[in-house]
Amino acid sequence: MKQLLEFQRKVNAIKKDGKNPHFKSTYATLTQILSEVKPILSEVALVLLQPIKDGKVGSILLDESGKELATSYIDLPTGLNPQQMGSAITYFRRYTLASLLSLEIEDDDANMTIKPSKPVLTHELFEAMIKAINEGKKAQVIASLDKYTIDAKYKQLLDVAIKNN
């Protein structure tokens with residue numbers, strides 16, 4: 001277990017290096033993942049095996065004595081032609097390995113699509129907005145409302161203040 005902890009301290013998030021034009025996405029290839037983890041596994045005296053056995057693809061982690069520390073398996077689909085089977089094996093090797101070692105894969109695609117969340121309008125800021133509206137700065141307050149997530153109660157009170165000034 002000490003070796004796994006040491007591995008997890010040393011491994012970084014795996015960079016995506018592959019492109020899937022069909023889905024317009026990127027992913028970390030098996031080659032990329034293995035090139036990142038194998039040197040660290042060797043450094044901490046762990047061995048990785050990825051057998052195909054009984055219709056399953058697996059990843060097995062052994063210590064230097066050959067003791068099995070952890071495993072991860074996925075059933076292979078049936079009825080595939082050889083090319084499809086090869087793709088499935090590669091795909092499942094990536095996923096059993098990432099699962100077994102709790103790898104983080106950089107998620108640049110998702111990070112690019114997620115807009116930063118708006119800050120929540122605080123009570124202090126709400127009061128400052130009400131004061132600004134009462135001082136004739138209604139236009140500035142209206143322009144800034146889209147920048148915040150506003151509680152329904154505050155929104156209603158701001159709307160009334162804007163309407164009445």
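This is a predicted model: local features need pLDDT of at least 70, side-chain atom pairs count only at pLDDT 80 or more; totals for chains, interfaces and linings use all residues.
**Helices and strands, one question at a time**

Q: Which helix is the place of Thr 90?
A: Residues are numbered from 1 along each chain as its sequence is written, and side-chain values use heavy atoms, leaving out hydrogens and water. Helices (H or I, at least four residues) and strands (E, at least two) are DSSP runs numbered from the N terminus. Thr 90 sits in the helix spanning residues 82–100, α3.

Q: How does Thr 90 count: buried, exposed or partly exposed?
A: Buried means under 20% relative accessible area and exposed over 50%, with partly exposed in between (1.4 Å probe, protein chains only). Thr 90 has 36% relative accessibility, so it counts as partly exposed.

Q: Which residues of α1 are buried?
A: Look along residues 2–10, helix α1, for Gln 3, Leu 4 and Phe 7. They cover an arc (directions from the helix axis to the C-beta atoms) of only 100°, which puts them on the same side of α1. The face turned away from that buried side carries exposed Lys 2 and Arg 9. So the buried ones are Gln 3, Leu 4 and Phe 7.

Q: Which residue in β5 stands opposite Leu 46?
A: Leu 46 is on the covered face of β3 (residues 46–49) with Leu 48, while Val 47 and Leu 49 are on the uncovered one. β3 pairs with β5 (residues 56–63) in the antiparallel sense over four bridges; pairing takes at least two DSSP bridges. Opposite Leu 46 stands Asp 63.
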